[in-house]
Amino acid sequence: MWLKPNRMLSRRGLRRLIVVLVALVLVTAGLGAWQGNVFAPLFALVESAAVAVALSVAWRAGDRSERITLDAVSLEVRSLPGRRRMRFQSYWVRVLLEPGDGRRRLLLSSHGRELEIGAFLADQERIELSKKLMVLLADFNGQPRK
């Protein structure tokens, strides 16, 4: 399974959004300068750069993902683009949904180790993922479904 956050804009769409926002800010600053506020264009440039950087950083956060691999022996979670990898024995791993920070946390737990997965997903998506993982683990381990 590949877990990826929803991304509404393409790179091209992000560039267009930034250009439109910068144009609107500069037009507003031009009107302010025309009425006597000579510092408006300077502040508009600083604000435009800050907004462009913030939007780019937020867009890059959409690159993160998690790959979950399950076989008869193990369940492995690999976080991308990093190199974090955690492996659990598929028979012993438990899927837990716990409340925390105003949202539910989806945890994989085994032998005293825990790993939160799907932190970038919405609550409903985490609930569906937990059900799907429980069914897959039950099928692999030959246990009756709950």
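This is a predicted model: local features need pLDDT of at least 70, side-chain atom pairs count only at pLDDT 80 or more; totals for chains, interfaces and linings use all residues.
Select Ser 10 to begin: it counts as partly exposed because its relative accessibility is 42% (buried is under 20% relative accessible area, exposed over 50%, partly exposed in between, with a 1.4 Å probe and protein chains only). Ser 10 sits in the loop between strand S1 (2-3) and helix H1 (11-34). Helices (H or I, at least four residues) and strands (E, at least two) are DSSP runs, numbered from the N terminus.

Residues are numbered from 1 along each chain as its sequence is written, and side-chain values use heavy atoms, leaving out hydrogens and water.

Next, the sheet. Three strands form an open sheet in the order S5-S6-S7, with antiparallel pairing; strands pair if DSSP finds at least two bridges between them. At the edges are S5 (94-100) and S7 (113-117), each pairing on one side only. The twist averages 35° from one strand to the next.

Zoom in on S5 and S6, paired over seven bridges. Glu 98 stands opposite Arg 105 in S6. Two residues lie between the strands of this hairpin, and Asp 101 in the turn has a positive phi of about 55°.

Move to S6 (residues 103-110) and S7, antiparallel over five bridges. Here Leu 107 faces Glu 116 in S7.

Finally, select H3 (residues 123-141), which lies across S5, S6 and S7 and runs at about 25° to S6. Axes are lines fitted to C-alpha atoms, for helices over the stretch in contact, and angles run from 0 to 180 degrees between N-to-C directions; contact means heavy atoms within 4.5 Å.
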